[in-house]
Amino acid sequence: MRLRYPYTLRPLFFSSKLTAMTPQTLFHSSSFPTLKNTTFCQRHRLLPHRPFFTVFCSKPTSRNPPSPLRTNGYHGVSHASIPRPVQLENTEAKSVELQFNILKQRLEAVGMETGICVPGQYNHLLCPECQGGDQSERSLSLYIAPDGGSAAWVCFRGKCGWKGSTQAFAGSRSAASIVTPVKKKREITEKELQLEPLCDELLAYFSERLISKETLERNAVMQRKYEDQIVIAFTYRRKGSLISCKYRDVNKMFWQEANTEKIFYGLDDIVGQSDVIIVEGEMDKLAMEEAGFLNCVSVPDGAPQSVSSKDLPPLEQDKKYQYLWNCKDELKKATRVILATDGDPPGQALAEELARRIGKEKCWRVRWPKKGKSDNCKDANEVLMYLGPDALKEAIENAELYPIRGLFNFRDYFDEIDAYYHRTLGYDIGISTGWNNLNDLYNVVPGELTIVTGVPNSGKSEWIDALLCNLNELAGWKFALCSMENKVREHARKLLEKHLKKPFFNERYGEKVERMSVEEFERGKLWLSDTFSLIRCEDDSLPNIRWVLDLAKAAVLRHGVRGLVIDPYNELDHQRPPNQTETEYVSQMLTLIKRFAQHHGCHVWFVAHPRQLHNWVGDPPNLYDISGSAHFINKCDNGIVIHRNRDPEAGPMDQVQVCVRKVRNKVAGTIGEATLLYNRVTGEYTPTDNKRPTDRRK
């Protein structure tokens with residue numbers, strides 16, 4: 001006969017032993033799910049009156065033994081008569097409630113308030129060991145298993161750290177035997193450590209470092225016999241009580257008392273102070289006192305080799321800097337923390353790690369003065385020994401704001417500003433274009449963006465190529481060329497003709513002029529190789545601006561290029577998100593280009609064509625006529641229109657107007673127009689005397 005289920009069978013049985021069920025095996029204790037089945041317990045703990053399992057079964061006979069029947073992955077019995085349903089009582093839910101009550105009694109026995117505790121959740125309570133410190137923080141995190149049968153806890157206060165676990169049914173063991181409390185810190189005394197006052201030899205040692213006996217006594221610096229030598233003992237105290245002790249021998253070897261709490265050296269001196277100085281060693285702390293600064297502490301463990309690249313760990317896992325968290329109550333009133341760590345790389349790494357934890361907005365840093373013509377002092381004690389207490393005091397009083405990424409002061413740029421004023425940067429007011437009549441209007445400044453436009457066939461690319469040749473001849477600049485409209489061989493021909501001032505061929509345009517010789521051609525190829533890097537897409541896909549700038553960055557770093565040409569804008573891939581307008585896209589693109597130029601000190605020329613001009617009568621276009629967006633003129637540093645004369649009555653046909661329509665930096669030029677004559681044979685441009693400023697009111 002077929003087994004029938006009046007209700008959907010819930011996935012309760014996970015054991016492979018339950019392959020056949022009889023009235024005898026069904027009520028056997030091993031047939032029930034254990035209390036670790038959290039899915040079951042969470043579902044039925046809140047529904048105590050609901051039957052949790054119903055099944056039809058039959059008594060086995062010798063002729064018809066129970067055999068497994070797989071239904072949806074669970075085992076049942078088949079080939080049996082079907083009696084009345086047997087409904088089990090909700091003993092499981094009662095068991096959960098019973099063991100949760102027992103567990104709460106165990107937790108209350110160790111001092112926890114469990115009235116608000118809920119199984120399956122993290123509960124934040126007042127720690128019975130530390131009572132939450134002065135602020136009565138709910139620092140104890142208690143987790144109770146969903147079945148209410150076990151619990152684990154930990155206190156996250158740095159001075160406490162109490163943790164443990166227990167179970168509701170723990171056999172004959174008591175709760176105290178199951179709890180695993182945190183390892184208690186040692187309590188030490190001067191008598192136990194056999195500390196003694198400093199002997200005359202050690203007093204003389206400190207005197208050589210300009211540390212007085214009074215300072216040593218105030219800081220309770222002592223000595224101890226260790227094996228066959230006498231070592232210095234720096235005592236770490238809180239509220240006058242000895243917390244830890246650090247030793248130093250004649251070989252400058254350090255060690256500390258084991259299993260003692262980590263705190264700052266000189267901790268009592270900063271209680272209630274608004275200004276706190278942190279140094280890297282005990283000797284520096286004593287040196288600060290000689291300069292009149294009592295509000296100073298030293299870290300106990302020295303400095304790391306480098307700044308960690310990882311995110312800050314949780315407080316309980318931040319073992320290396322546990323002393324900082326152990327002393328947070330003493331530091332909480334400090335509004336300014338001066339980091340006077342050593343000047344070497346580990347010392348600077350320590351300053352960065354401390355600032356990350358304290359908060360850079362309230363940190364200051366010290367720059368140690370020079371002890372000679374070139375070398376700087378390493379730490380506070382060196383300043384005291386070489387330059388005296390006044391110099392150490394001055395160094396602390398002149399502490400600087402700790403740098404925050406993206407937040408600066410003009411003081412950070414004084415060296416650059418000085419070089420700009422004295423014109424020692426090299427290209428302070430820009431580089432001449434090589435055309436005298438254009439020098440007052442436009443000069444090339446590293447780090448700027450120049451937009452070049454003009455109607456088709458006006459010679460925009462030819463003019464830029466001629467400009468690059470002039471800059472190479474005058475300043476030795478190198479360039480990266482992203483010129484999608486030019487074939488490589490054609491671009492090479494144009495550049496060589498301008499450089500050698502001879503035609504590449506003697507056909508048609510150059511038939512009446514001597515062609516460049518083979519020797520000149522070979523020399524020109526070497527010049528091309530040394531001067532230009534090519535950015536080209538080797539497949540059919542269009543390059544986007546990020547791809548171009550990434551390769552330009554490589555050219556800057558690898559070949560030292562100082563200029564980048566992107567010609568033209570409409571040959572780039574301009575795919576953008578559906579929700580982004582062309583204006584927004586152009587703004588974002590030009591921002592990327594300007595950041596590249598400024599960061600790498602590279603001048604960028606960007607060629608952009610004007611939109612289709614209706615009713616054009618032959619006048620030069622305006623920068624606002626550029627196809628795409630007004631951001632081309634709004635964001636560029638310089639805007640130039642190249643315009644070729646097409647009217648024989650207006651002047652020579654080889655006459656080219658260079659219209660400077662925008663100059664952001666008045667040091668580099670001004671708005672105006674200059675006229676150049678184009679040599680069709682060699683591609684050169686020569687200046688004329690025609691130059692006139694533009695009326696800015698137009």
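**Around a buried ring**

Modeller: Happy to! Phenylalanine 606 counts as buried, since its relative accessibility is 0% and the cut-off for that class is under 20%. Please keep in mind as we go that this is a predicted model. The ring of phenylalanine 606 has a partner in tyrosine 569: the centres are 6.0 Å apart and the planes stand at 70°, so this pair is edge-to-face. The two residues come from distant parts of the chain, 37 residues apart, with phenylalanine 606 in strand β22 (residues 603-607) and tyrosine 569 in the loop between β21 and α19. Tyrosine 569 is buried as well, because its relative accessible area is 8%.

Proline 568 belongs to the loop between β21 (563-567) and α19 (582-600), and the peptide bond that joins aspartate 567 to proline 568 is cis, with omega at about -5°.

α19 consists of 19 residues, and from its first C-alpha to its last it reaches 27 Å, close to the 27 Å expected at 1.5 Å a residue. Which of its residues are buried? The list for α19 is Tyr585, Val586, Ser587, Met589, Leu590, Ile593, Lys594, Phe596, Ala597 and His600. The buried residues of α19 pack against β18 (449-453), α18 (545-559), β21, β22 and α20 (631-635). After α19 comes glycine 601, with a positive phi near 60°.

Now for other rings in the model. The count comes to 23 aromatic pairs. One of them is formed by tyrosine 122 and tyrosine 143, and it is tilted, with 4.8 Å from centre to centre and 40° between the planes. Here tyrosine 122 sits in strand β5 (residues 122-125) and tyrosine 143 in strand β6 (residues 140-144), so the pair ties together parts that are 21 residues apart in sequence. Tyrosine 122 is exposed, at a relative accessible area of 60%, whereas tyrosine 143 is partly exposed, at 28%. Ring pairs also link Tyr427, Trp477, Phe479, Trp527, Phe532 and Trp605 into a cluster. Two charged side chains lie over ring faces: arginine 336 is 4.7 Å from the ring centre of tryptophan 364, and lysine 371 is 5.0 Å from that of tyrosine 386.

The loop between β5 and β6 holds leucine 126, which is partly exposed at 34% relative accessibility. Beyond its neighbours within four places in sequence, leucine 126 contacts Gln131, Gly132, Ser136, Glu137, Arg138 and Leu140.

For a view of a sheet, turn to the 4 strands that form an open, antiparallel one in the order β9-β10-β11-β12. β9 (221-226) and β12 are at its edges with a single partner strand each, so one side of each has no neighbour in the sheet. From one strand to the next, the twist averages 35°. Inside the sheet, β10 (residues 229-238) and β11 (residues 241-248) run antiparallel and are joined by 7 bridges; alanine 233 has tyrosine 247 in β11 as its bridge partner.

Glutamine 194 has a positive phi near 60°; it is in the loop between α5 (190-193) and α6 (200-208) and is exposed at 57%. Asparagine 259 has a positive phi of about 55°, in the loop between β12 (254-256) and β13 (275-279), and is partly exposed at 27%.

Note on methods: Residues are numbered from 1 along each chain as its sequence is written. This is a predicted model: local features need pLDDT of at least 70, side-chain atom pairs count only at pLDDT 80 or more; totals for chains, interfaces and linings use all residues. Side-chain values use heavy atoms; hydrogens and water are left out. Buried means under 20% relative accessible area, exposed over 50%, partly exposed in between (1.4 Å probe, protein chains only). Rings of Phe, Tyr and Trp (its six-membered ring) pair if their centres lie within 6.5 Å; planes under 30 degrees apart count as stacked, over 60 as edge-to-face and the rest as tilted. A charge sits over a ring if NZ of Lys or CZ of Arg is within 6 Å of the ring centre and within 35 degrees of the ring normal. The expected span of a helix is 1.5 Å times one less than its number of residues. Contact means heavy atoms within 4.5 Å. Two strands pair if DSSP finds at least two bridges between them. Axes are lines fitted to C-alpha atoms, for helices over the stretch in contact, and angles run from 0 to 180 degrees between N-to-C directions.
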